[in-house]
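Some notes on this model follow, as numbered points. Please read them alongside the coordinates.

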Amino acid sequence: MASRFHRWQPASDGYRASSSTHELRVRSPGRGIFRVTLAPAGHPTVPSPAIADPHADGLPLRLAEGERAFETDHGRLGVALSPLSVALDGCSGLEIHPNEAGWRLKLALAPGDRCFGLGEKTGFLDKRGRTYVMWNTDDPSPHVDTLDPMYVSIPWLIVQTEQDAWGLFLDDPTRTTWSLGDREPGMAVVETPRAHLDLYLVAGPTLADLVERYTELTGRMSLPPRWSLGYQQSRWSYPSAEALREVAREYRDRDIPLDVLYADIDYMNGYRVFTWDPERFKDPERLVSDLRAEGIRLVPIVDPGVKKDAAFPVFADGLTRDYFCLDPDGVPFIGEVWPEDVAFPDFVRPEVRRWWGDMHRAYVDLGIEGIWNDMNEPATFNTVSKTLPENARHGADGEVPHAEVHNLYGSYMGQATREGLLRLRPNQRPFILSRAGFAGIQRHAALWTGDNFSIWHHLELSLPMVMNLGLSGVAFVGPDVGGFSGDGTGELLVRWTQLGAFTPFFRNHSAKGTRYQEPWQFGPEIEELCRQAIRRRYEWLPYMYTAFWRCSLTGEPIMRPLVYDFPADPVVASMCEQAMIGRQLLIAPILRPGVTQRPVYLPEGVWYDVWTDERTSGGAWTVAAASLETIPAFVRAGSVIPRGPWAGSTEGLRGDHLELHVYPGDLLSGEWYDDDGQSLDHLQGAYEHWRATGSVAGDGLTLELEQLHSGLPARQRCLSLVLHGATEASHMSFGGTAVPFEVRGTALRCEVELKPGTWIIRGLT
Ligand code: MIG
């Protein structure tokens, strides 16, 4: 880009400036969002599939400040042409420099600036001080801080300054590099090898604003089926239908809730996708329906590699249609995965996605409702890079080099699978779990964080990893509970299960050759502790489900760092050994063996210990007791939390018994969302949404329960109202009628019919 840019010219959707070789464009695709593209003249930049709606209308843009800034009604972007740099209002400038065939971006970081986001990365919450590469990779080594890259690439950086936060999304699926105050002290340096620079600058000022805007751009998770929020058990592998039935039997006999069992790769006939081993899985339809009768869904794994076997119809058909990725010579690239030689479907092409999606009829016809996508980086064992060569070819004419779409492969596979399931089961929510992905993966699949180890460090690591994914738009995520590789201990499993009960995705999974990891494998004491933790998940499901619904509307992460909710508190600036689950619950998991108490920081306000109802004033550290049955957990004063009795599976949660748990504070608020848990009818209004608001004054409490939306058939339901931190009252009424109540330890409780009304308590002590 040797030559200079001429003056700004208005364009159909923004402004452009040209040099003799390049075209620079500025647009505003949404409130507080500016898109800056820089590309060789005559070669317009096309958004990647990360962008949910590439045709969305932008906002009108005005030139301001003597052509040195652009304005919309919702923000301002400063732009200098020589040297080229862009800056959101009040934020430091991002310099743009040519770099070999691509670009280098430079940004000065102030000493207190923190770096969040970047999707799935090892290390702590603040990513500053290291260099990260975006290149989806299946690396079996332990996920220590120096291991990079991982399975997922999300080129979205949040810069949290001491005042506010802003974000940078580089819509570029190639191998970009992010050096955050590492190679150049005090500088963030981002490099792309691609000639097309496609940059979004997103204004805050809060993390909540940023995630909302980023997910407006890259899309949001659609509400998953309720069963996928339940507890799940997996193993590489339960090798036969009988083995799976046995696990289901154990869960039911032991009265431990369970919603999902997984069939890992050994269910297949010679690792051929869409098939079942004729001996070990003689009657999969029967297996699926028998498990289903117990409230358990079976989710099979589906890898992208199609066994190279002329007699295997999927391979033969894919070959005839030319649907596989090609090597540089134009013949199908043959990798080596579990089935030995395999070809890789070219998911980049819509017709291939459709073909693949339709193939899921083989599963859907058996009653299967969810699919687990693995190895979709894609991983192969027979190349040095452990993936396709960068010059392998995609596209109908083999015109797209692998290097340009590598990071998209997993997302495209998730899209193919989701769209296929939606076609095959119209109006039923699919569940897809993926290992790899790019920005926007949240529209297609949930993620688990891959092959961790059964070690305490990986329990701790899961917190910042899940939270940075949440800040990167992917809220439905969790680690393998108990750890995947290596043998764990009973104590580790208990602590991990206690945390898992509050992470968005909650699945116990373990590797071949390691110790079995179901809750009962470590003796009756450990089993009982896991049972309690898993039941807790079901008790809190109304709260979790409501948080999932919120997330589907605004992108609001379900599990997030404290800085998200308390941005002004310097103590929590980079904190990641505690987390918020939704707006009202704070958890502080135990992360070391033999530990039965831990320091917990409670931000400003008053907090209730969930297990003892003890009140503590925040803005201070406290020490929480945590014998092996307890995960320290605190609720903000003023919260009204929907809960319910546990059941053996989400199916048992009939929604005919709701509990509202009230934690007194000056002002009370809470909400509850419910629907049928499985169809898309909620998008047409078939849901209900309740709001509780009220106050505590003197010795009285008033709580008004309103139904903001009632789109479900009316039915008789029971509501338990529970007031925590109180031991006596003189009078209680609901909807104008006096109601009897009982004192249970440190709470007062009454049962009424669930309907709108006002709960009034007098004479509280
Ligand atoms: O090369 O399917 O991350 O969850 O159990 C290992 C076998 C392949 C890796 C996944 C893991 C799964 C395993 N897979």
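**Notes on the model**

1. Leaving aside neighbours within four places in sequence, Ser228 is in contact (heavy atoms within 4.5 Å) with Phe431 and Phe476. Ser228 sits in the loop between helix H1 (207-218) and strand E19 (232-233); helices (H or I, at least four residues) and strands (E, at least two) are DSSP runs numbered from the N terminus. Its relative accessibility is 0%, so Ser228 counts as buried (under 20% relative accessible area, 1.4 Å probe, protein chains only).

2. The model is predicted: local features need pLDDT of at least 70, side-chain atom pairs count only at pLDDT 80 or more, and totals for chains, interfaces and linings use all residues. Residues are numbered from 1 along each chain as its sequence is written, and side-chain values use heavy atoms, without hydrogens and water.

3. An open sheet of five strands runs in the order E42-E43-E47-E51-E50, with mixed pairing (at least two DSSP bridges between two strands). Strands E42 (640-643) and E50 (742-744) each have a single partner strand, so one side of each is left without a neighbour in the sheet.

4. Strands E47 (residues 718-724) and E51 (residues 747-753) pair in the antiparallel sense over seven bridges; His724 has Ala747 as its bridge partner in E51.

Key
Buried < 20%, exposed > 50% of the residue type's maximum accessible area, 1.4 Å probe, protein only.
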